[in-house]
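Visitor: Please take a close look at one part of this model for me. I would like the side-chain pairing there, and then the packing around it.

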Amino acid sequence: MRGRIAGAVSRRKLAFRSKFLQQLDFALTQGHVVIEIGGMANNTVHGKDWTDDELDFIVDDYLSMLRDELTGKPFVKLHRAKLIMSQTGRSHRSVEFKHMNISAVLRELSLPTIKGYRPKPNIQKAIFDAIERAIPRHAWLDTDEASKPFAIAEPATLFEEAAPSLDSKEPKQEGLERLIRKFDPVKRDAANRSLGLAGELMAIEHEKRRLTEAGRKDLAKQIVWVSQEEGDGAGYDILSYESDGLQRLLEVKTTNGSPRTPFFLSRNEESLSREKPEAFQILRIYDFARQPRAFRIDPPLNEKVRLETATYRASFS
């Protein structure tokens, strides 16, 4: 009996969510700003936690806006916020704060975020469950669509900055740790071949530009995309040069996440960093889909990052 009741409640919630999203799509198509659905608007919710239905609505709308932004489809954030306000009775400040909470979680999962909604912590625990429910409904997040830089007339300029410092490991909120384990950003980045290739191509263009601006167009012409021409076994992706002609062996690691998003490092790459510390470099590109930025990590790597064993090799000899 309990299972049938829970199932009925779940079906009602899904039907209501579907009705809201249909109304939302219709309102946006017609240019309406405010719509009403009986029973949702509530002006006495100030100070109360968001309900599961409200969180499902705002997460779905956020991901819909994100997809529009990534594909160049115009929308007005204020209009979308007012639509959420009309359905939930929440204030504009509360809606905007929740948008920033969603950005904070997505960034931890190495997913792009909406421009202007900077990640903000202090996250209501229930939002982790809402995002966990939403990701399977938005399958496009695991496609190339979520890994392309914003539409621009020319190739994106890669801004370089200092690498983050190696800090003590701070525990994350329990719900966030569970989400990260389920939607592992390190595994997603490693499995997303198109993201990796796009990052390497951006790095090559960046290196060519750097050498050309340094007056070494001759060296720019000698850059080799090793991972494409010789395969992945070399321990690095790109053969480039310093302006004085010394070799630079670049291993490119690309993510849609933050500067502190972890990444996989192969045994071969780590070994090469010790064999040729004067030439080896990791070029970490982050925030790729929104505004690509990068920093370099030079050996010794164990002084710059925390190296942890992710897998073991089992053998009989």
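Guide: Start with a salt bridge: the side chains of Arg-80 and Asp-68 meet at 3.7 Å, N to O. The term means a side-chain nitrogen of Lys or Arg within 4 Å of a carboxyl oxygen of Asp or Glu. The two partners sit 12 residues apart and link distant parts of the chain, with Arg-80 in helix α3 and Asp-68 in helix α2. The structure holds 22 salt bridges.

A word on the ground rules. This is a predicted model, in which local features need pLDDT of at least 70 and side-chain atom pairs count only at pLDDT 80 or more, while totals for chains, interfaces and linings use all residues. Residues are numbered from 1 along each chain as its sequence is written, and side-chain values use heavy atoms, with hydrogens and water left out. Helices (H or I, at least four residues) and strands (E, at least two) are DSSP runs, numbered from the N terminus.

Now the two helices that carry the pair. α2 spans residues 52–70 and α3 spans residues 77–88. They pack at an angle of about 165 degrees, with axes 11 Å apart. Axes are lines fitted to C-alpha atoms, for helices over the stretch in contact, and angles run from 0 to 180 degrees between N-to-C directions. α2 and α3 are therefore roughly antiparallel. Angles under 35 degrees count as roughly parallel, over 145 as roughly antiparallel, 65 to 115 as roughly perpendicular and the rest as oblique. The crossing of α2 and α3 is right-handed. A crossing is right-handed if the near helix is turned clockwise from the far one by less than a right angle, and left-handed if anticlockwise.

Contact here means heavy atoms within 4.5 Å. From α2 come Glu-54, Phe-57, Ile-58, Asp-61, Ser-64, Met-65 and Asp-68; from α3 come Lys-77, Arg-80, Ile-84 and Thr-88. By class, the contact of α2 with α3 has 4 nonpolar, 2 polar and 5 charged residues. Ala, Val, Leu, Ile, Met, Phe, Trp, Tyr, Cys and Pro count as nonpolar, Asp, Glu, Lys and Arg as charged, and the others, Gly among them, as polar.

α2 has another partner. Its axis and that of helix α5 (residues 126–137) come within 9 Å and cross at roughly 50 degrees. α2 and α5 are therefore oblique to each other. This crossing is right-handed. Asp-52, Leu-55, Asp-56, Val-59, Asp-60 and Leu-63 of α2 meet Ala-126, Ile-127, Ala-130, Ile-131, Arg-133, Ala-134 and Arg-137 of α5. The residues divide into 8 nonpolar, no polar and 5 charged.

Follow α5 onward. Helix α6 (residues 174–182) packs with α5 at about 20 degrees, axes 9 Å apart. α5 and α6 are therefore roughly parallel. α5 passes α6 in a left-handed crossing. Phe-128, Asp-129, Ile-131 and Glu-132 of α5 contact Gly-175, Leu-176, Arg-178, Leu-179 and Lys-182 of α6. That contact has 4 nonpolar, 1 polar and 4 charged residues.

One backbone detail belongs here. Asn-122 lies in the loop between α4 (92–108) and α5. Asn-122 has a positive phi of about 55 degrees although it is not a glycine. Most residues other than glycine have a negative phi.
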